[in-house]
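Colleague: Hi! Could you walk me through this model?
Modeller: Happy to, here it is.

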Amino acid sequence: MPDVKLLDCTLRDGGYINNWQWGASPAKHIIRALTNAGVDIVEVGFLRNVPGYDPDVTVCNTIEELNRLLPPPGSRGSTMYSGMAMRSNYDIRKLTPYDGTGIEILRITAHDYDIREGMDFAREVKARGYKLAINPINIMGYTDSEILWILDEVNKIHPWQFSIVDTFGSMRRKDLQRITALADHNLDPAIRLGLHLHENMALSFCLAQEFLEMPLQRDKTVDASLIGMGRIPGNLPIELTADYMNENCARHFDLDQIMDAIQDYIAPIKGESPWGYTPAYFLSARFNLHRNYAEHYLGKGDLTNRDINHILAAIAPEKKTAFDKAYADTLYQEYKNRRVQDDEALHDLHAAFAGKTVLVLAPGASLATPAGQAAVAAADADVTVSVNFVPGERTVDYAFFSNAKRFEEDKTYPCRLILTSNLRSAKQGAVLNYDRLSTADDQGGNSMLMLLRLLRLCDAAKVKLAGADGYRPGTAAYADAGLHTHTGRGEGYNRQIAGAMRTVGLPVEFLTPSEYEGAMP
């Protein structure tokens, strides 16, 4: 019967979550628990070009440094240990020959744009005596003819293993069947076939079961990690896979050891940096895109999942594999800047705001405090405008919306609306071109800044600002607890917005406490 192995990649792939800063002792305990559980292969980290050795980090320059994490030779049971190196960020000259102890499997990986160089890299690894595993990045990005070329090259090198790697989590069952058939019919029978899955479509466990049940006449390996820990949205969970293999593949993995490792070392990390299925990463997988595109657009903070879907659909084929931030931002701006004829709207707003003192209400938490409400009630202003919400306790003259996540198309608003063109709304109101009010450094278009720029264009005399609290770690940014606070925003973001407010050139009086006021240049 073909041999079926289970590989744990928590310390390597899971390290994307904690920047591989496991600590030497926790890393060793995780390896020991997986070894005691009978896991066939434990991948202990990356070989990369890094400045120096840090015993608490599972990214190292040399195989000898990674070997320091392994249990003593007498307590390793039947478990083998592996590492991974990417052709583009590791100097193969640092790799010493395999000495018969420690890490014996080296998995190498390369992108589509350097796959030929990756094959040469693989030859160098094999020449040093390691069990070589070849893991081309994003197998779904290759045509069948390109996959056949790769398989032909792999046969020439004759590694220990070749893996099907679903880097962007875009593989469905029919894709797995097609690619597995290509590999099984064209690889030398002595080369084992591996599978590495991601959780973008919440299909990893289903696909793993399908793969394990395929009647291949060759050995197989399935990669997994503790609770699926890995770069968001994560990987195949090893506890599910081990249990399935116990029931269906005559294996005897000790789930107690796996569960102890999860409870002691992984669950606390998941509480701080959750991973798992999310709709935006499903959308990146749907178009077979580098996951950073979805992450980048999520970080903008003003896009709905519908918006992200439409932007991702527009990404050119040649841009899909490697994330291009400048290109992503260009698409973002193009999507936001749906052009409209806004001269008449701007003329009407100029008449409403010119020479006026404008009370601007932002949705910060300070607005809901008794002091904030008193300050707003006492404010002497000619016109009142709210930003991305309508307060229930005070009548406003206008509500300004630029954020699609805050604007409700079906809602009846009790005031006049000022909308930016990206909202694509059928509601009556003044609609202004998004790019008339935004700049490239707004980090997704800060709505308060956009309103201030509008008021400056309309020659307002002064702004009295309430509820523009800014961001402070551990403090709610919004009065409405249902609004998402961007956890990555803090002092640096506050300084950026404060500088931009000053650049607008409109006098601003803060009525409520604000991090922006303290950060003013």
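Colleague: Let's start with open space: how much lies in the second largest pocket?
Modeller: About 480 Å³. This is a predicted model, where local features need pLDDT of at least 70, side-chain atom pairs count only at pLDDT 80 or more, and totals for chains, interfaces and linings use all residues. Residues are numbered from 1 along the chain as its sequence is written, and side-chain values use heavy atoms, with hydrogens and water left out.

Colleague: And what is a pocket here?
Modeller: On a 1 Å grid over the protein atoms alone, a pocket is an open set of points where a 1.4 Å probe fits, with protein on both sides within 12 Å along at least five of seven lines. The volume is the space filled by probe spheres set on those points.

Colleague: How many helices and strands does the chain have?
Modeller: There are 20 helices and 16 strands, taken as DSSP runs (H or I, at least four residues, for helices; E, at least two, for strands) and numbered from the N terminus.

Colleague: Changing topic, where is the cis peptide bond?
Modeller: It runs from I232 to P233, with omega near 15°. P233 sits in the loop between strand 9 (220-224) and helix 9 (238-248). Most peptide bonds are trans, and most residues other than glycine have a negative phi.

Colleague: What is the phi of A202, then?
Modeller: A202 has a positive phi of about 55°, although it is not a glycine. You'll find A202 in the loop between strand 8 (192-196) and helix 8 (204-213).

Colleague: And what about the phi of A250?
Modeller: A250 also has a positive phi of about 55°, and it lies in the loop between helix 9 and helix 10 (255-272).

Colleague: Is A250 buried or exposed?
Modeller: Exposed, at 63% relative accessible area, while A202 is partly exposed at 41%. Buried means under 20%, exposed over 50%, and partly exposed in between, using a 1.4 Å probe and protein chains only.

Colleague: What share of the whole chain is buried?
Modeller: Of its 521 residues, 56% count as buried.

Notes:
1 Å grid on protein atoms, 1.4 Å probe; cavity = no way out; pocket = protein on both sides within 12 Å on 5 of 7 lines; lining within 4 Å.
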